[in-house]
Amino acid sequence: MIIDCHGHYTTAPKGLEGWRAKQLGALERGEALPARAALAFSDDELREGLERAQLRLQRERGTDLTLFSPRAMAMGHHVGSGEANAEWARACNDVIHRVCSLYPNNFAPVCQLPQAPGVPVAQSVAELERCVAQLGFVGCNVNPDPSGGHWRDPPLTDRFWYPLYEKMVELDVPAMVHVSASCNPCFHATGAHYINGDTTAFMQFLTSDLFKDFPTLRFVIPHGGGAVPYHWGRYRGIAQDLKRPPLGELLLKNVYFDTCVYHQPGIDLLLKVVPIDNILFASEMVGAVRGVDPETGFYFDDTRRYIEAAPGLSAESRRKIFEGNTRRVYPRLKIPA
């Protein structure tokens with residue numbers, strides 16, 4: 001089985017983001033927020049985009065199951081308010097639940113959290129518990145920068161986040177570290193802001209004792225870990241200079257990386273530098289990069305091809321990357337072998 005640990009509902013009905021626009025407009029004008037009850041989609045509307053995109057690509061590329069969450073760019077934690085973003089997260093997560101109920105063999109649900117700059121994580125804790133305990137979600141996405149590129153909230157290792165981590169540990173679910181849109185013109189969203197978020201989170205973990213406080217807490221850093229694998233020697237050296245334990249002891253029981261890296265040399269480097277047990281297959285297909293690579297004739301985000309072509313990778317290592325590691329990191333993922 002091939003499990004893709006990183007997929008977003010980028011083909012949701014247009015009415016979903018239309019409702020968000022109405023909500024933000026009402027907030028700006030000081031009017032009452034629209035009710036979630038106004039969001040009504042037929043099953044056929046949900047199926048339409050999926051059949052044209054994610055489901056078709058699953059069949060064409062030979063993958064089996066995608067861990068599916070709301071569109072990352074649309075989480076929009078830097079806009080709205082605590083109340084508005086709580087309603088928005090609940091609406092998006094309810095749609096994800098419907099999709100996964102329609103296609104239980106193709107998708108498993110991962111939730112968006114209702115974050116907002118400066119807002120304590122209590123409402124995120126409540127939404128995580130609702131999604132996991134009531135709706136069967138297997139994980140969540142945590143935005144390390146709800147300000148959208150200005151980094152105004154405390155680092156992920158601050159006690160500000162501890163109530164969320166306590167709930168994650170209690171429910172035994174991991175979080176993917178995933179920023180949303182960038183509102184800072186210095187940072188292109190998918191080309192810079194995403195990679196900045198990944199790299200920054202890793203460095204925050206490296207300089208903290210977070211995992212002494214939460215030995216079973218688990219994070220997936222997407223997009224191949226941002227700059228981390230390429231600068232692995234730098235991070236090993238920084239840890240050594242700071243008198244920190246070696247990276248394997250310090251982080252690699254808690255931090256994992258996905259394979260959303262869109263060329264063969266990048267995947268080969270990831271596989272060479274990061275232990276195989278810490279790599280989860282992912283494509284983020286129909287996401288940040290949608291075109292065909294003119295050098296190969298295949299889609300950039302057809303990442304299964306890169307794993308299959310990686311030199312010296314054993315069958316057991318492929319099995320771990322494609323399936324075994326994701327089952328271990330996401331233990332609530334209950335699917336047949």
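Good morning, colleagues. Because the model is predicted, local features require pLDDT of at least 70 and side-chain atom pairs count only at pLDDT 80 or more, while totals for chains, interfaces and linings use all residues. Residues are numbered from 1 along each chain as its sequence is written, and side-chain values use heavy atoms, with hydrogens and water left out.

Let me begin with the sheet. Helices in this talk are DSSP runs of H or I with at least four residues, strands are runs of E with at least two, and both are numbered from the N terminus. The model has an open sheet of eight strands with parallel pairing, in the order β1-β2-β3-β4-β5-β6-β7-β8. Two strands pair if DSSP finds at least two bridges between them. The edge strands, each pairing on one side only, are β1 (3-9) and β8 (279-280).

Consider β1 in detail. Five bridges join β1 to strand β2 (residues 65-70) in the parallel sense. Ile3 stands opposite Leu65, Gly7 has Phe68 as its bridge partner, and Tyr9 has Pro70.

I turn now to the helices. Axes are lines fitted to C-alpha atoms, for helices over the stretch in contact, and angles run from 0 to 180 degrees between N-to-C directions. Helix α4 (residues 82-102) packs against helix α5 (residues 122-135) at an angle of about 15°, with the axes 11 Å apart. That makes the two helices roughly parallel; angles under 35 degrees count as such, over 145 as roughly antiparallel, 65 to 115 as roughly perpendicular and the rest as oblique. Contact means heavy atoms within 4.5 Å. On the α4 side, the contact includes Gly82, Ala86, Arg90 and His97, and on the α5 side it includes Glu127, Arg130 and Leu135. By class, this contact has four nonpolar, four polar and four charged residues. Here Ala, Val, Leu, Ile, Met, Phe, Trp, Tyr, Cys and Pro count as nonpolar, Asp, Glu, Lys and Arg as charged, and the others, Gly among them, as polar.

Helix α2 (residues 43-52) also meets α4: their axes come within 11 Å and cross at roughly 80°. The two are therefore roughly perpendicular to each other. Asp43, Leu46, Arg47 and Leu50 of α2 make this contact with Val95, Arg98, Val99 and Leu102 of α4. Its classes are five nonpolar, no polar and three charged residues.

Against the sheet, helix α7 (residues 189-206) lies across β5 (175-177), β6 (219-221) and β7 (255-258), running at about 135° to β6.

Leu251 sits in the loop between α10 (247-250) and β7. Which residues does Leu251 touch, leaving aside those up to four places away in sequence? They are Phe202, Phe205, Leu206 and Phe211. Leu251 and Phe205 are 46 residues apart in sequence, and their C-alpha atoms are 7.3 Å apart in space. With 0% relative accessibility, Leu251 counts as buried.

The other two concern backbone geometry. Most residues other than glycine have a negative phi. His223, in the loop between β6 and α9 (232-241), has a positive phi near 55°. Val286, in the loop between β8 and α12 (303-309), has a positive phi of about 60° although it is not a glycine. Both count as buried: His223 at 8% relative accessibility, and Val286 at 11%.

That concludes my presentation. Thank you.

Conventions. Buried means under 20% relative accessible area, exposed over 50%, partly exposed in between (1.4 Å probe, protein chains only).
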